[in-house]
Amino acid sequence: MVVIAQIREKALLSYFYEMICQLNHYGVVLRKPTSAHTLSFTPLRIRYFHCCRPANYLKLESSVPGRRVSRVVRTEAQDVLFDYLHCTRSFHLTDAEHMSKNSPHFLQKLLSKVENEQDVARSLSKFLRYNPINEFEPFFESLGLAPSEISALLPRNLMFLSDDCVMIENYHVLCDYGIARSSIGRMYKEVQAIFRYELGLLGSKVRAYEGLGLSRSTVIKLVSCCPWLLVGGVNSEFVMVLKRVNGLGFENDWIGGYLSGKSSYNWKRMHDTIDFLEKVGYSEEQMVSLFKTNPELLFEGSGKIFYVLIGRLLKLGFKMKGVLSLFLQNPQILSKKCAKNLWQAVGFLFEIGMKVEDIVSIVSSHVQLLCSCSLKGPRTVLRSFKVGREGLCQIIKEDPSELLTLASKSKINSMEHVTCQSPSKHLEKTTFLLRLGYVENSDEMFKALKLFRGRGDQLQERFDCLVQAGLDCNVVSNMIKQAPSVLNQTKYVIEKKIDCLRNCLGYPLQSVVAFPSYLCYDIERINLRFSMYVWLRDKGAAKSNLSLSTILACSDARFVKYFVDVHPEGPAQWERLRKSLP
């Protein structure tokens, strides 16, 4: 049996080395330390994904130092560019409007060529009449690309978008499917080949993923962050991941709930992570629990954190068997927050001079404690308690919980006080928050316990009320994290506000996803403001289908200014509504 166990451990080590060699920039050196003095330890810094701020978020005036552009001048320049694109160049209305409003750097370049700043519209119109522009520049910028990225993408010997009708046709296919224009720039930058497809091919490739049982919203997220999935047939690696998560009991669109348009995903690594967990002994029930409470294990870095943690623990001096046992008994350490806290604590112990074998012993027996919160720096602790490094080491070795007492940044004592006040109520709420995705004993969990009011079963009942209304479980979880006070209302009040939204206001249920705080406002405020808005809209003084946040989130003074005083009869109608509505 011992021989079989050794063979199995060697096989797992071999498999692990094979997997970790596929990681780029993981920063893990798998060498067993001989002593604390020879071990080079650096805190864990995992880069999960890279995101670029879209160009249209940059301030217009920043591109030309020393010259400020007023809002009026900017608006006039946008109108002139819109007229040029739509009327002169015959661009579609929505294309011209999007390009003119989302290409600030290009507009700045145009304005720098205008001499008469007193009459920008006339001067700029005259300039465009005799100086045709390279239309690819504002086009790419409006798709979210930075100016530094655009120059390499500009086609040679082409100035007009109409000269590249194939690209424009595929661009419109993506827009019509529902992909945000600001996301298409990244898709073009990463996989230009999909914009060269013949008519109808790109649309069929996108719809092929709907054929796997995915909803349109999930497909939009999927192809936005992984445009290379549209090259060739349906990606087999993604299909394998989808089958594995289906086999664990997750719905197809569970993946869509955790995809981000600003991230990249390695589906092969995700599949290998699930496969590795299975090989090291995780049951289906354990994996389901792990992915429900820590979905970032798969989706932030595509499983990279798992291999990095194994590598760091092996470097620290653990055996592979000990590492796997640690994961099985404490799956929460695979979360981003816990991993960060764990390695901060290990770094703390190294810095005060604790021996490697003592650190391994503390991590083995008190890993949950080390993961629970972030710590102050060793120098701060030593200065505060006026104790030497050797003395601090001895205190922590005798009682590792003293590490949190002496160095924790969070108020652990407050947490213990909450627990002692009502243990059963605390346990119920904790169980509910764990199902929402909070990490046990984390700072976020401590804050959430103070924000949510009510017993665990009451919070669950209110949560289920939103799911039964027609919202996805993952969507509701995200809504609650954005607006926790939603669950501080009774089930009856939540149902009443949903009914008002659908049947009285005429808005779809999905509108609360973008603005969950709607459910936190008093029903009186909702009725009063929307009654005024409907009256104003019927008078032709307000746009139709304004968002919930536009009407509800503004202050009373701002609402009166933009929704009451804009019509001569508005103030009188406002007073009538205030008196008539209960």
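## Overall make-up

Of the 582 residues in the protein chain, 47% are buried. The model is predicted. The chain holds 33 helices and zero strands.

Residues 24 or more positions apart account for 72% of them. The accessible surface of the chain is about 29,800 Å². Carbon and sulfur atoms contribute 51% of that surface.

## Helix α18

Helix α18 runs over residues 336-351, 16 residues in total. From first C-alpha to last, α18 reaches 23 Å. That is close to the 22 Å expected at 1.5 Å a residue. After α18 comes G353, with a positive phi near 90°.

The buried residues of α18 are C338, A339, N341, L342, W343, A345, V346, G347, F348, L349 and F350. Their cover includes α16 (304-316) and α19 (356-371). It also includes α20 (378-385), α21 (389-398) and α22 (402-407).

## Packing of α9 and α11

Two packed helices are described by the angle between their axes and the distance between the axes. For α9 (residues 181-190) and α11 (residues 216-225), the angle is about 40° and the axes lie 8 Å apart. The pair is therefore oblique.

On the α9 side, S183, R186 and M187 make the contact. By class, the contact has three nonpolar, two polar and one charged residues.

Notes. Residues numbered from 1 in each chain as written. Predicted model: local features only at pLDDT ≥ 70, side-chain atom pairs only at ≥ 80, totals over all residues. Heavy atoms only, no water. Helix = DSSP H or I, 4+ residues; strand = E, 2+ residues; numbered from the N terminus. Expected span 1.5 Å × (residues − 1). Buried < 20%, exposed > 50% of the residue type's maximum accessible area, 1.4 Å probe, protein only. Contact = heavy atoms within 4.5 Å. Axes fitted to C-alpha atoms, helices over the stretch in contact; angles between N-to-C directions. Parallel < 35°, antiparallel > 145°, perpendicular 65-115°, else oblique. Nonpolar A, V, L, I, M, F, W, Y, C, P; charged D, E, K, R; others polar. Areas by Shrake-Rupley, 256 points an atom, 1.4 Å probe, with all protein chains shown as cover.
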